[in-house]
Amino acid sequence: MHSLLLSVLFSVFAFVAAERACNNSPQLCMAPYDTITHLGAHDSPFLRDISTSYSSFGNQFFNTTTQLDAGVRLLSAQVHVGKNDLDGRRELHVCHTSCSLFDAGPLKNWLWEIRTWMDRNPNDVVTLLLVNSNKVNARELEGDYSRADIAHYGYVPPHLDTVPPLSDQFRVTWPRLGEMIDKGERLVTFVNPLKPDKENAPYLLDEFTFLWENNYEVTHPSNFTCQPARPERQTIYGMHNSGRLFLMNHFLYWQLAFGIQIPDYRNIKLTNSWDGVGGLGKHMIDCANQVTRQPTFVLVDFFNVGPAIESVDIFNNVRKPAGRRNVTSSVIYGGRLRADFEGKANGSKDSPTLRLVALAFAVSRILRA
């Protein structure tokens with residue numbers, strides 16, 4: 001009788017899961033969190049659009065809400081200690097490299113944007129990856145999560161200091177997406193670096209306890225790799241056996257004068273393509289073969305250009321995604337800085353803009369030292 005009841009309950013759950021679309025697909029409701037690929041927007045809040053005068057340091061053409069509407073489910077950002085515009089008090093901001101260089105505003109405002117989207121989309125699991133640039137403690141981060149009223153969505157794993165084994169066909173070690181949604185714990189946050197705080201913020205997870213990454217500072221399309229870069233001095237075999245989830249960085253930098261690097265929007269159609277040298281699809285296939293498992297996360301710049309979303313759909317076996325917003329796949333040009341950067345790249349004299357940016361980089365390095 002007991003086994004019959006369990007069978008009925010499981011059938012009911014499977015039926016309900018099949019009727020709704022989790023992360024834009026009914027079939028993903030039964031998928032464990034660690035067995036699918038989550039498309040990520042690298043430096044999500046740092047935009048190259050009219051609001052930033054088409055900043056050459058922007059990594060995305062569309063804001064975080066549009067990214068989520070279009071199917072992105074991993075958002076990364078850099079968190080820095082900044083100042084409140086009104087009273088000058090200490091405040092956490094999302095800034096690119098330095099708040100003096102590119103300040104996208106208070107962290108709590110960005111989290112509020114995400115929370116608002118999650119309220120409107122109750123069948124989606126979202127992951128955040130925060131670079132903790134000034135190494136603030138979990139309690140201070142938790143304050144902004146509370147102010148944004150998003151902490152209640154946080155996923156709390158069984159253990160904060162130990163990653164579970166990877167799920168496989170014989171055992172499920174991470175919750176299924178449908179289970180996370182039903183429980184209300186559908187926001188997963190990884191922070192680097194972070195000392196976990198079980199009492200005050202058990203939903204804030206130290207990144208490299210749970211994840212590993214390949215190299216992220218790539219300036220030539222032939223240099224994409226699948227080898228672990230962080231944590232350092234590791235092997236693919238070791239990382240796979242550790243249970244850590246693979247975050248595959250796949251974005252290209254454009255190397256300029258003074259050691260400055262900006263997102264390489266010139267080659268983004270090739271970088272986010274399915275095949276060819278430096279193509280996203282090829283990189284995913286290469287890494288899946290080497291790791292013997294599809295990447296759990298794929299992080300890209302300008303997510304809308306090329307078949308980035310479609311590439312992830314292929315790996316997740318999603319054929320008819322539901323509820324997504326279609327956005328242009330075009331590269332969006334514009335901005336007064338473009339001529340300065342392109343002129344320098346082509347060998348022209350140093351521009352005042354480049355010299356000012358180089359100074360900002362130098363100051364930011366001094367402040368972090």
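**Reading burial, salt bridges and cores**

Trainee: Is Glu91 buried or exposed?

Mentor: Glu91 is buried, at 10% relative accessible area; buried means under 20%, exposed over 50% and partly exposed in between (1.4 Å probe, protein chains only). This is a predicted model, where local features need pLDDT of at least 70, side-chain atom pairs count only at pLDDT 80 or more, and totals for chains, interfaces and linings use all residues. Residues are numbered from 1 along each chain as its sequence is written, and side-chain values use heavy atoms, leaving out hydrogens and water.

Trainee: Which side chain meets Glu91 in a salt bridge?

Mentor: Side chains of opposite charge can pair when their charged atoms come close. Here Lys108 meets Glu91, 2.7 Å from N to O (the rule is a Lys or Arg side-chain nitrogen within 4 Å of an Asp or Glu carboxyl oxygen). Lys108 is in helix H3 and Glu91 in strand S3, so their pairing ties together parts 17 residues apart in sequence. Helices (H or I, at least four residues) and strands (E, at least two) are DSSP runs, numbered from the N terminus. Lys108 is partly exposed, at 23%.

Trainee: How many salt bridges does the whole structure hold?

Mentor: A search finds 15. One of them joins Glu140 to Arg90, with closest N and O atoms 2.9 Å apart.

Trainee: How many residues are in the largest nonpolar core?

Mentor: Nonpolar side chains tend to be buried together in soluble globular proteins. This core has 64 residues (buried Ala, Val, Leu, Ile, Met, Phe, Trp, Tyr and Cys, joined through side-chain atoms within 4.5 Å). Helix H3 gives the most to this core, with 6 residues.
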